[in-house]
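Please open the model in your viewer and keep the selection panel at hand.

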Amino acid sequence: MTSVGADTHFRRGIAALNARDAARAATHFEEAICAERLQGAIRPRARFLSYYGLSRALTNGATREATQACELAVARDSFDPTLHLNLARVYLLAHRKSRALEVLERGRSLHPGHPALEGLLTRVDRRARPALGGLGRDHAFNRVLGRVRTGFRRRAKAEWDLGRAFRKGAALS
């Protein structure tokens with residue numbers, strides 16, 4: 001490890017993540033954590049842990065180490081929306097959609113209107129709006145109409161996929 005400061009390693013890690021080089025980013029975040037310890041910090045900054053966990057999850061899959069790093073970061077600084085976003089991404093990589101949605105909802109309640117949280121929540125949200133907005137989601141009419149609507153959507157998608165495959169096949173002949 002060089003004598004470069006923790007903040008410099010962190011910025012390099014962010015640059016590597018933006019360049020889609022998660023392995024290099026993880027190395028920089030790990031070096032940032034080590035540099036902080038060498039400077040006398042008792043605990044690494046939550047932001048460093050969070051990005052370390054995210055980059056590890058992107059590199060090696062959502063391992064226990066990656067998940068724990070992000071969870072610890074959120075526990076230490078629960079008011080930073082970026083930490084919630086990173087934890088949700090790691091949960092999604094681990095195929096834990098319900099946990100990711102919980103974290104995104106918690107982040108949104110702390111930071112309403114945060115664009116990245118809202119964007120990911122919109123892409124991940126599993127439920128459509130109720131068919132009849134004036135009635136509750138659990139009302140019998142909404143449940144039945146929701147099932148019917150889902151059936152129509154699945155059928156329409158299947159027909160669209162079939163038509164698309166047919167058109168490709170016809171173009172090849």
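Begin by selecting His84, Leu85, Leu87, Ala88, Tyr91 and Leu92 in α5, which meet Lys97, Arg99, Ala100, Val103, Leu104, Arg106, Gly107 and Leu110 in α6; contact means heavy atoms within 4.5 Å, and helices are DSSP runs (H or I, at least four residues) numbered from the N terminus. This is a predicted model, in which local features need pLDDT of at least 70 and side-chain atom pairs count only at pLDDT 80 or more, while totals for chains, interfaces and linings use all residues. Residues are numbered from 1 along each chain as its sequence is written, and side-chain values use heavy atoms, with hydrogens and water left out.

Now show helix α5 (residues 81-93) and helix α6 (residues 97-110) whole: they pack at an angle of about 170 degrees, with their axes 8 Å apart, the axes being lines fitted to C-alpha atoms over the stretch in contact and the angles running from 0 to 180 degrees between N-to-C directions. That makes α5 roughly antiparallel to α6 (angles over 145 degrees).

Next, select Phe10, Phe29, Phe48 and Tyr51, which ring pairs link into a cluster; rings of Phe, Tyr and Trp (its six-membered ring) pair if their centres lie within 6.5 Å, and planes under 30 degrees apart count as stacked, over 60 as edge-to-face and the rest as tilted. The structure holds four aromatic pairs, among them the tilted pair of Phe10 and Phe29, at 5.5 Å centre to centre and 50 degrees between the planes. Phe10 lies in helix α1 (residues 6-18) and Phe29 in helix α2 (residues 22-38), so this pair ties together parts 19 residues apart in sequence.

Finally, keep Phe29 selected: at 0% relative accessibility, Phe29 counts as buried (under 20% relative accessible area, with a 1.4 Å probe and protein chains only).

Methods:
Helix = DSSP H or I, 4+ residues; strand = E, 2+ residues; numbered from the N terminus. Buried < 20%, exposed > 50% of the residue type's maximum accessible area, 1.4 Å probe, protein only. Parallel < 35°, antiparallel > 145°, perpendicular 65-115°, else oblique.
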